[in-house]
Structures are given as C-alpha cells and as structure tokens.
Amino acid sequence: MATFKEFRNNVKPNWCPGCGDFSVQAAIQRAAANVGLEPERLAVVSGIGCSGRISGYINAYGLHGIHGRALPIAQGVKLANRELTVIASGGDGDGFAIGMGHTVHAIRRNLDITYIVMDNQIYGLTKGQTSPRSAEGFKTKSTPEGSIESTLSPLEIAMSAGATFVAQSFSSDLKQLTALIEAGLNHKGFSLINVFSPCVTFNKVNTYDWFKEHIVNLEQYPDYDPSNRMLAMNKIMETGGMLTGLIYQNKERKAYDDMIVGFKEEGLANQDLTLPQDQFDKLLAEFK
Ligand SMILES: Cc1ncc(C[n+]2csc(CCOP(=O)(O)OP(=O)(O)O)c2C)c(N)n1
Ligand code: SF4
C-alpha cells in the first residue's frame, strides 16, 4: 500500500512561502494514502491559477487544464476510466467565477469525483483582483474604491443545486482537511470541499488570523446531523458561510456513473477500441 510520501514528486512548488495551498497539497497526499490509493489509480485535474499548479505537484496522473474548465475535464477523465479516482481542483476564481456554470451542473450531475476549491477570496495568479468570494468593500487593483458586488456563497449554491456532499475546511487545520478529503474520496458521488486557503501575498484582509477568528467549527455542535439538508442550509446561513467540517452528505442518491445505461465496468482506457479496417474506410468515405 502506498504511503503519502509516494504521492510526492520531485517538482518544487513555486507558491509563495506561507501560501495556504501547500497544506492542501499535503492533505491530498495523506488522504490518498489513507484511503488506500496507489498513484497510478489517482488523477488530479486542475484549472488555471496559483492553486491550479497543484496537479503538477502530486505523484499521480495530472492535468493542468484551462481556466474554469477543471470540472469538464475531470468528468471526462472519470467517464473514460472509471477505475481512476478523480480529484478536480482550482481556485475560487476558477470554480466560482469563470467556471461557475460547470460547477453547478457538475454538482447536480453527481458524477463520482472530488472537487477541492482553494478559496483565498482573491485572484492570486493575476496579482490580486476581486473574486466572487471577495467581501463587499474589498479593495484591490480592480476595485480601488472597494467592491460593490455581493459575495457569492458557494455552499448555499451547492445545497440548492442538489449536492450530495458539501464540506468546508481551513488549510491550517491539516487534520480536519485530510479527514474531509478522505470522506470526499470515499463518497459515491460528487463531493465539494471548499478550503479557506490564504493568499499571503495579495490578500491582506483574509489572513490566517482573520480566518481563525471567523471560522465556526462544526465540532462545537456534537448533535449536528449532516444528513439533514434543512439544518445544513440553516447553519450555512446562520454562520455567514464560515462553518467548517462535514456540512451535508446524502448517501442515498446514486452517483451518475452508477446510473448510465450500458456504462461498461471496464474503463475505456483498457478496452480494445481498434476500428476494423472496413468500418474505418466507411467512416473516412463520409469526409471525402
Ligand atoms: C480564459 C481565461 N481568462 C482569464 C485568465 C486569466 N486568469 C488566470 S488565473 C485567473 C484567476 C486566478 O484566481 P483563482 O482562480 O481564484 O486562483 P488563485 O490564483 O487565486 O489560486 C485569471 C483571471 C485565463 N488564464 N484564462
Ligand atoms: S500569490 Fe497568493 S495564492 Fe499565489 S502562490 Fe502566492 S500566496 Fe499563494
């Protein structure tokens, strides 16, 4: 069985020292080992952003895709080879701005992949513009007078889109984050894990200390029942979306990949897809 060290490669991350994304990388490696995966059974697909680089820093199949398109690619990978465990990853800009259309539909589709968003409430790679997660009044180069738009709540959107697994964590809490990624990997269906992952270079408001002060850990509520959808929605709203832990899980609903008629157990990658010469010639003739 692989250890977390076997999910490391020799590529040195070029994130700024102190960036929250380092812990997300470590948590993915630990969770993958803890659920018994081998590197050749894991695919990590990412979008574009500082966070998007994560797919290059894990010893597994990795695909650093296009901004906002981690999810369509990840879903394609899963459909082509259901033997792979698939993680999609990226920033809050990637998933909740340009990629939001994909996020909502991937959630309601419920294909069996784990989506990890590194939510630093800013665009890091492009040097600090507001994201849909930035607070009202947040000042950046793109909003010098402060943002006049309201902040998007990905947890509320996920719940209303029919999510079967919604969790949130903080990159400083490696133990919780690892456990939630493990739970996401074990969940049969789409799992959204939003991770507060501070950008130490461009976001001087939502710092590690700020998160520590504002986060409401669900551990405070021993009676909390994550299978209760109404309760989950209430808690999200009550805490202004700042709660961490496993917020909601529906174990009843079947995953998309378990419902596709004729979807072969054998991954496409392992099937003999050779086209007989006569069929090939027939196909080619259509383009003449
Ligand atoms: C189609 C497209 N539009 C815009 C960009 C420029 N761009 C690159 S990363 C990015 C946003 C980065 O923010 P986020 O996704 O939150 O990731 P972070 O860098 O903060 O981890 C933008 C706008 C791009 N690469 N491609
Ligand atoms: S700019 Fe921000 S998000 Fe990007 S690597 Fe540096 S700290 Fe991380």
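**Aromatic rings and the charges above them**

K235 lies over the face of Y221, 4.2 Å from the ring centre; a charge counts as sitting over a ring if NZ of Lys or CZ of Arg is within 6 Å of the ring centre and within 35 degrees of the ring normal. The charged end of R30 likewise sits over the ring of F4, at 4.4 Å from its centre. The model is predicted, with local features needing pLDDT of at least 70 and side-chain atom pairs counting only at pLDDT 80 or more, while totals for chains, interfaces and linings use all residues. Residues are numbered from 1 along each chain as its sequence is written, and side-chain values use heavy atoms, with hydrogens and water left out.

Seven aromatic pairs are found in the whole structure. Rings of Phe, Tyr and Trp (its six-membered ring) pair if their centres lie within 6.5 Å; planes under 30 degrees apart count as stacked, over 60 as edge-to-face and the rest as tilted. The ring centres of W15 and Y57 are 4.9 Å apart and the planes stand at 90°, so this pair is edge-to-face. Because W15 lies in the segment before α1 (21–34) and Y57 in the loop between β1 (42–46) and β2 (61–64), the pair ties together parts that are 42 residues apart in sequence. Helices (H or I, at least four residues) and strands (E, at least two) are DSSP runs, numbered from the N terminus. W15 is buried, with a relative accessible area of 6%, and Y57 is buried, with 7%; buried means under 20% relative accessible area (1.4 Å probe, protein chains only).

Y115 and F190 form a tilted pair, 6.2 Å centre to centre with 55° between the planes. Both residues are buried.

Conventions. Chains are lettered from A and ligands numbered from 1 in the order in which they are written. Buried means under 20% relative accessible area, exposed over 50%, partly exposed in between (1.4 Å probe, protein chains only).
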